[in-house]
Amino acid sequence: MTSPSYFSNDVRRCLNGLMVGGGVVLACGAVYAPDRVWANLLLAAFYLLTVALGGAVFVALTYVTGAGWHVAFRRVPEAMARLLPAAGIAMLLVLAARMSAYGWPHAGEHHPETFWFKELWLTPTFWMVRAVVYVALWILLAGRLVARSQKQDVSGDPAITAGNTRLSALFLIVYAVTFSLASVDWIMALEPMWFSTMWGVYNFAGMIQTALAVVIILGLLLRRHGQPLHGVFNNDHLHDLGKLLLGFSCFWMYIWFSQYMLIWYTNIPEETSYFISRTKGPWAPVVVLSIVLNWIVPFIVLLPKPAKRSGAVMMRVAVVVLIGRWVDLYLMVMPSLMTDGGTSGIRQRIFPQTISAVPDFAIWEVAALCLLVGVAGRLLLRSFASASPIPGKDPYLKESLHYHAG
Amino acid sequence: MSDRVLVASFEHEDDLLAATRAVRGRGLHIVDAFTPYAVHGLDKAMGLRSSRLTWVCFICGMIGAGGMLWFENWIAAVAWPIDVGGKPWNSLPSDVPVAFEAAVLLAGFGSVFALFIVSRLFPGRAARIVDLRATDDRFVLVIDQADAAFDVAAVEELLQEFDVVETRELAPSKGGVLG
């Protein structure tokens with residue numbers, strides 16, 4: 001069966017160009033500036049993973065809450081969830097490529113009395129096996145969820161909806177535990193002496209924000225003239241997605257601040273190290289930028305009702321949020337891995353070899369972003385085209401098509 | 001609004017919605033609609049403008065946050081400074097949680113009380129119910145008999161198209177049906 005192609009060849013060529021261009025630059029960079037390129041790949045792989053997992057979580061949440069409003073465009077988050085095998089394997093490859101970046105083999109030497117559990121938990125083999133288990137569980141459960149939903153297109157069996165509700169509940173429980181642990185293992189462990197008990201929920205907040213922004217962008221692209229969701233994905237669906245994005249942007253800020261305030265208030269050196277390296281000195285403007293993009297812009301712009309019902313406004317806000325998500329992850333990853341005092345000279349500025357103590361946006365970041373956008377775009381389009389664009393026999397489809405947002 | 005209205009009852013929400021659109025299409029003024037539960041799309045059919053309560057909510061929230069930030073700063077830095085863990089007296093992060101709670105509290109109470117005031121709901125206010133069955137299984141539309149040109153028979157005929165089950169004229173005493 002040939003899949004329908006929803007976008008012009010120009011779009012495809014553009015995405016291919018981004019993918020190949022970014023990939024080639026990063027491949028050269030892997031030899032010349034391995035630390036910096038690896039950090040960017042980690043960021044990109046984790047970003048892609050949050051898009052995929054976020055889609056799966058969106059689908060699962062709507063099943064367990066008995067929601068019907070989203071069914072008309074449910075194939076969009078499902079297409080995102082179907083990225084899990086690719087995103088998961090990319091993540092595992094990045095992790096396996098440079099386990100030495102995690103400083104744990106030496107970190108415990110000065111604090112043996114408090115480090116014993118971390119030493120045990122972060123044993124490289126155990127750590128890698130866990131990563132494989134997390135990814136395998138996500139692929140298995142989310143894959144089954146989506147496959148069953150597509151099976152309903154043929155059979156129209158309402159029992160599939162009931163079964164998927166139970167499967168979603170299981171997936172959400174597994175997800176909550178494994179994603180918290182994964183964010184700790186893969187990102188927090190970059191600074192093995194630092195810890196935050198809010199790290200899991202902080203990453204969840206960012207993930208759901210990413211997922212909603214991607215759903216909004218894809219939904220809007222797919223509802224243009226001649227696209228499969230034209231006349232299906234309407235302003236009432238958009239309105240509710242806008243409310244969710246507004247709400248979860250506030251949630252992200254709430255969690256960000258809660259994590260910050262507890263650490264600021266307690267003022268214990270092993271906890272404050274993370275925020276001192278970020279909020280004091282040259283990284284502070286990036287923290288402000290992250291808050292502006294992830295919370296202030298969506299909060300102010302999406303507060304009025306007409307904004308949430310306007311495709312043009314929602315598209316722009318969703319893009320701003322996606323840029324904000326990259327900045328937030330950049331702040332999680334880069335300062336943990338910085339090694340030298342700064343970059344000097346024009347050549348070092350464009351082709352820096354290491355992660356400097358000053359926030360820096362050079363060719364490797366551009367290349368990794370190109371690669372991320374190209375790969376995500378190509379995979380998402382292919383994944384969406386591989387199934388019927390509307391779950392035609394879902395029992396809630398009619399309700400969703402006639403949905404009115406209050 | 002004149003003091004004479006036409007009260008029409010329907011058995012299905014779809015009939016009420018269609019009748020509301022048709023009545024408005026005739027240029028007649030709808031006083032209000034009463035339904036046992038919230039009917040989606042009725043606000044649009046009635047041509048209600050969007051609620052201004054959101055502005056009350058927003059402004060109350062801002063007053064709550066701003067007022068509490070000022071108050072906390074005044075307590076901690078001016079009226080009774082206490083050294084907490086060596087932090088500056090006017091430490092903003094410690095003020096944020098209470099300011100946030102005050103914003104939510106004022107926004108919530110502000111919206112609810114603004115709604116009560118605007119719709120004149122007070123304890124002990126006598127309920128004015130046009131049709132008791134609107135609290136159970138009927139959908140009721142109240143149409144204003146704006147002037148002498150209001151042709152009751154013609155409107156009733158129009159409503160027949162939407163399976164109206166009952167129409168009656170009402171001349172409420174002072175204040176109208178909605179008081």
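When two helices are compared here, each axis is a line fitted to C-alpha atoms over the stretch in contact, and the angle is taken between N-to-C directions. Keep that in mind as we walk through this model, which is predicted.

Let's start with chain A and one pair of its helices. Helix α2 (residues 34-64) of chain A and helix α9 (residues 199-222) of chain A have axes that come within 8 Å and cross at roughly 85°. Angles of 65 to 115 degrees count as roughly perpendicular, and α2(A) and α9(A) are therefore roughly perpendicular to each other.

Now step back to chain A as a whole. Its secondary structure comprises 17 helices and zero strands. How does its radius of gyration fit with a compact globule? For 406 residues, such a globule would have a value near 22 Å, and chain A has 21 Å, which agrees. Along its principal axes, the C-alpha trace of chain A spans about 60 × 45 × 45 Å. Buried residues make up 41% of the 406 residues in chain A. Turning to contacts in chain A with a separation of 6 or more, 80% are between residues 24 or more positions apart.

One residue of chain A deserves a stop of its own. Most residues other than glycine have a negative phi. A:N267, however, has a phi near 60°, a positive value in a residue that is not glycine. You will find A:N267 in the loop between α10 (235-266) and α11 (269-279) of chain A. Is A:N267 buried or exposed? Since 12 or fewer C-beta neighbours make a residue exposed, A:N267 counts as exposed with its 11 inside 10 Å.

Chain B comes next, with five helices and four strands. Read along the sequence, these elements of chain B follow the pattern β-α-β-α-α-α-β-α-β. The radius of gyration of chain B is 25 Å, well over the 16 Å that the globule rule gives for 179 residues, so chain B is more spread out than a compact globule. The C-alpha trace of chain B spans about 80 × 30 × 30 Å along its principal axes. Of the 179 residues in chain B, 19% count as buried. Residues 24 or more positions apart account for 79% of the contacts in chain B with a separation of 6 or more.

The domain assignment of chain B gives domain 1 (5-50 + 129-170) and domain 2 (53-118). Taken over C-alpha atoms, the centres of domain 1 of chain B and domain 2 of chain B are separated by 45 Å.

Chain B also has a residue with a positive phi: B:R120, which is not glycine, has a phi near 50°. B:R120 sits in the loop between α4 (92-118) and β3 (139-144) of chain B. With 10 C-beta neighbours inside 10 Å, B:R120 counts as exposed.

Finally, where the chains meet, seven residues of chain B are in contact with seven residues of chain A. On the side of chain B that touches chain A, two residues are nonpolar, five are polar and none is charged.

Key. Residues numbered from 1 in each chain as written. Chains lettered and ligands numbered in written order. Predicted model: local features only at pLDDT ≥ 70, side-chain atom pairs only at ≥ 80, totals over all residues. Axes fitted to C-alpha atoms, helices over the stretch in contact; angles between N-to-C directions. Helix = DSSP H or I, 4+ residues; strand = E, 2+ residues; numbered from the N terminus. Parallel < 35°, antiparallel > 145°, perpendicular 65-115°, else oblique. Contact = placed C-beta atoms within 7 Å. Nonpolar A, V, L, I, M, F, W, Y, C, P; charged D, E, K, R; others polar. Domains from an automatic or database assignment. Rg over C-alpha atoms; globule rule 2.2 N^0.38 Å. Buried ≥ 20, exposed ≤ 12 C-beta atoms within 10 Å, placed from the backbone.
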